[in-house]
Amino acid sequence: MLFFIGRRLYQAALVMLTVALVAFAMFQYVGDPVSNLAGQDTTVADRELLREALGLNDSVLEQFGRFIFNAVQGEFGQSYRMRVPVSDLIAERFPATLELSLVSALIALIVGIPMGVYTALRRNSWLARSFMTLSLIGISLPTFLIGIFLILFFGVILQWLPTFGRGQVVDLGWWTTGLLTASGWKSMIMPAITLAVFQMTLIVRLIRAEMLEVLRTDYIKFARARGLTERSISFSHALKNTLVPVITIIGLQIGSLIAFAIITESVFQWPGMGLLFIQAIGEVDIPIMSAYLLLIGFVFVLINLIVDILYFSIDPRLRVER
Amino acid sequence: MIDSLRRFFAGDLWWSFRSSPIVVLAAMTTVSMVFASVFANFVAPYDIFDLTQFNLMDGLKPPFWMERGEIGFLLGTDDQGRDVLSTILYGSRVSLTVGFFSVIFAMLIGIFVGLVAGYSGGWIDAVLMRIADVQLSFPAILIALLVDGIISGLLPDQAQGELAIYVLIAAISLSFWVQYARTVRSSTMVERTKEYVQAAQVIGLPKPLILFRHILPNVMGPVLVIATIQLALAIITEATLSFLGVGVPPTSPSLGTLIRVGNDYLFSGEWWITVFPGLALVILVLAVNILGDWLRDALNPKLR
Amino acid sequence: MALLEVRDMQVEFPSRRGSVTAIRNVNFELASGEILGIVGESGAGKSTIANAILGLLEPPGIMPRGRVLLDGKPIENLPIEKMRQIRGKRIGMIFQDPLTSLNPLQTIEQQLVETIRIHLDLNEADARTRAINMLEQVGIPEPEVRIRHYPHQFSGGMRQRVVIALSLCAEPEVILADEPTTALDVSIQAQILDLMRRLVRETGVGMIIITHDMGVISETCDRVMVMYRGDVVETGPTRKILGNPDHPYTRSLISAVPRPDKRMDRFPLVEYIEEAQIAHRPLDIRTHWLGQSRDFGAANSEFLVSVRNLEMRFVTVRSLFRSKRRYLRAVDDVSFDIRKGEVFGLVGESGSGKSTVARMICGIYRPFAGQMIFDGTDLTSLKSLRQVNRHRRQMQMIFQDPFSSLNGRMRVADIVAEPIRFHRLAASNDEVKSIVADLLDHVGLGAAAGKKFPHEFSGGQRQRISIARALATRPRFLICDEPTSALDVSIQAQILNLLKDLQEELALTMLFISHDLPVIRQICDRVAVMRDGKLVEIADTETLFENPRTKYSKHLLDLMPRLGGT
């Protein structure tokens, strides 16, 4: 068990290091930090001072070391455009994105898993067929179009729901939440659904495919030949075996929700990290871009670790010493 | 040639195609949309790049069946008086071009990396697959955004507009190759141990010949399936990037750009500028997805 | 009254190209305490019978006609719930592959207790006691401990015992065993067959054993039903069927089974089976292309191939540190010599390393240590690829699996032509074509076969294509790695005959690898026995079979199934 976790941690560290390298390389080679920070009228001497102060004259290795050292402490430097520390910007925006992602993850899982299981078990029924058709439409709908159509119907034509922003938020000091007010929830509905649809359809299709695979295995045939009930075969034998491969992919998908939020946030003007990031790209604001990248990498690694531990508790084959 | 055609039409693939009306419909839709956009110059009612053909006075006209609508502008006009149907046809051309070439490049990179990794094994495989793993940790759209952002940052401002399409193709193919690489690698590892490969080794064939003459044709099946599904995804990705404002500029609009531009008019009631390009996008992607889905099931021997 | 009775059963698989009748007019009955064998080659429809009895036909299979009577009561059209209560409770089933028949995520206990409680009115504790008793009964040591284990913690043979315990745990009256020992090694197979015989004797169940293996039939069954292409050919007591069959198909089937007790020159040509009428047309090696330019040095030693202290390791535990790495010694210090023109056999159970030896000799694996000498040249000392290839060309290999040993994307003619073109053995493209046509004709396929793709051929025909491809480099040394173990016995007999013919007329030297001792006896001049990567014994074939020197060889010989009872 410890060995297993240890190996995973080592892999996670490797991933983080690679991501840090990319983020650092962006700093180094895209644009010139000095001209980004300095104004038009800064003298050459002042520029050289700034260069020295930023440590840009040190060796690349030293700079990379410093970059990582700072990043671990949450220091990503100053935004080129907004002239405020990136860490403050992120801290301000992070709660909005996390709440949005969690709510849509819940929607995707709660709706997606039962639908996937149903379409696999009753794959010839008309309901399962219409679920499959719906899921095909689901993966064919670009996220931003779902948002636009929702806005058109519920925002513009029916005027039931707000079309932008988070609504009223409550400041808890270290966290701002929209989940404590009615208007916060109302604002959440459309963005959360928009973000959930694509993941949900993926989950439905994935679970269906894996479960059909499992239902064809010998041990399911043997279970049937032993006279076990269909209920037990479907749920305690087939479903559990389906979850083993599915859990990794779902974990990854949920992790990617935070990044997918970029699109939703820009459709609904949701004040989260995604919106920050997309603006940063437009302005080539490298510190924000690299900080965002590192944060996403970290969330991914974290989720992956959780998934691995889950995996471990489900599959006994991993538990023996090999 | 004729012989293999006859074989194809007698085969299971053609039969399963013909026996599903939805798949036939999807194929017809795809083919006609590709045709219409490739020949947009001849098919479209107006040339949207010809400034003499549109007039600001015609701006924001609704579709023909609505009040104020004109039969000359079937699906209405945009703010600059351009015919929406024509912009859709020209826009699909950009979307399809980007999608098609991104998939081709992603496929080439992915197949090469996958074959090499799967056949050599050892540290080459380990390094290549670690890179793939790290990249897979991030959604393709984010990678594409990053690559797009970085390349744009490196390019001089005035070149950005002209090169936007190439940047997009590079960004999308660099974010899509991993899928192919992983699939090709795992199939290669399966094929590598099969006895026909060992037989080729015993004959004395050199490695590259074994890889490309023997293994490659045998791993192409799943690659084709992914390519179809990825074509749909690439079109969506292009549209998304353009919608987010980092794709192709409004001067040579793609479907995504059209939707982005039209989005501004959503609240003032000119919904057709957004909705029709949006529908065109959905229909195109749906048709390609249906084909991909069918191809996957038809080529999967376990489902027969 | 019979325990189980099948009357006039017919099963069809409708498809778009018309309905395929898998079995027709099947009639038989089974009494308590009786073992009935159903034997036939692949495609005979044996397994379909078992599935049809339990109502578990794979879709789109249907049973339009026929009755299944259990204790005189029909069960063929019962509602799903009623049928479920019969499965496991009154009729149990044993599957072929123990590695895939058990749910990997549940302990043996969970699977046994669930099955027991569904059919018998027992509480959790009693069901558990019963489960432990069952495991004990099927010969699993320390059942109280083992019951808590997961399937992957058991070996293949032990898993098959667990599968048997699972099928027996609700006290069924009938057991259907579908190829119960095919996936197992010979020694394990013998134990499992013993177990099944004992259980039938102790519990008085009726058992149906479905198999392709005449040996299994003769060891276990009271009566046999022989099937051919969906029809029942003949039914009768085992002794009668094996000793004095009525039907020509049964006769030809039995004559095709290699005899362990006597060496024969050729297998008798069996007239009932298709593909059998191909008469071998001998050729003259002095004038034929295959004998041309035997451009290798004149014979200067008695041996063509020698291996010295060959060793192969596979890494099982990777580690950065040399001391922590673990290896599996697949081949350990193996040395032997193969005389020119002889057929040298290599025999052993699975995992004994015999295939690894073959793959090292022909260059697929690089040996960890040791020497390989081919016609006086030490291959391991050669540096340049061209030198190696010159020798490599003179040895070719025929593989076990006829379905994966041919590239399915290439036409047969291209497959056979590839070595000729690569080694530039022909002057022009036309010459290549005529050589390929001649080779295909010579292995009994006919030149027209070249235009087709491999999937259009049966397993036996594909093996002929493999042989043609191997001959295309004009080899002197041919390695056959279990060339017939994936084939039905009747096809096996033909392929072995062809190999013998070719060996004689082309003066080939052969390394013949098999786990099947009777086949070895029919074809080899000398034999080496391998076990766990080591060479146990080398002897002339007849000496080995009559007077084995080592205990292990003797053990292997004892396990050989003998037709016609003991």
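1. Contact here means heavy atoms within 4.5 Å. By that criterion, and leaving aside residues up to four places away in sequence, C:A2 touches C:E29, C:L30 and C:D71. The model is predicted, and the points below should be read as a description of that model.

2. C:A2 sits in the segment before strand 1 of chain C, a strand that covers 4–13. Is C:A2 buried or exposed? Its relative accessible area is 13%, and because the cut-off for buried is under 20%, C:A2 counts as buried. A separation within the chain can also be given: C:A2 and C:P59 are 57 residues apart in sequence, and their C-alpha atoms are 30 Å apart in space.

3. Turning to chain A, its secondary structure consists of 12 helices and 2 strands. Read from the N terminus, the order of elements is α-α-α-α-α-α-α-β-β-α-α-α-α-α. The C-alpha trace of chain A extends over about 85 × 60 × 35 Å along its principal axes.

4. Chain A has 322 residues, and 52% of them count as buried. For contacts in chain A between residues at least 6 apart in sequence, 70% link residues at least 24 apart. The accessible surface of this chain is about 14800 Å², with 67% of that belonging to carbon and sulfur atoms.

5. On charge, chain A carries 24 positive and 22 negative side chains. How far apart do the centres of the two sets lie? The distance is 19 Å.

6. Chain A is split into domain 1, residues 2–72, and domain 2, residues 92–319. Taken over C-alpha atoms, the centres of domain 1 of chain A and domain 2 of chain A are 33 Å apart. The contact between them involves 16 residues of domain 1 of chain A and 14 residues of domain 2 of chain A. Together the two domains of chain A bury about 1400 Å², and carbon and sulfur atoms account for 89% of that area.

7. The last item is the contact between chains. The size of an interface is often given as the accessible area lost when the parts come together. For chain A and chain B the buried area is about 3600 Å², with carbon and sulfur atoms giving 83%. Which three residues supply more of the area that chain A buries against chain B than any other three? They are A:S140, A:F144 and A:I148, with 15% of that area. In terms of residues, 42 from chain A and 37 from chain B take part in the contact.

Key:
Residues are numbered from 1 along each chain as its sequence is written. Chains are lettered from A and ligands numbered from 1 in the order in which they are written. This is a predicted model: local features need pLDDT of at least 70, side-chain atom pairs count only at pLDDT 80 or more; totals for chains, interfaces and linings use all residues. Side-chain values use heavy atoms; hydrogens and water are left out. Helices (H or I, at least four residues) and strands (E, at least two) are DSSP runs, numbered from the N terminus. Buried means under 20% relative accessible area, exposed over 50%, partly exposed in between (1.4 Å probe, protein chains only). Accessible areas come from the Shrake-Rupley method with a 1.4 Å probe; for residues, only the protein chains shown count as cover. Lys and Arg count as positive and Asp and Glu as negative; His and the chain ends are not counted. The place of a charge is taken as NZ of Lys, CZ of Arg, CG of Asp or CD of Glu. Domain bounds come from an automatic or database domain assignment. Buried area is the accessible area (1.4 Å probe) that two parts lose on being put together, summed over both.
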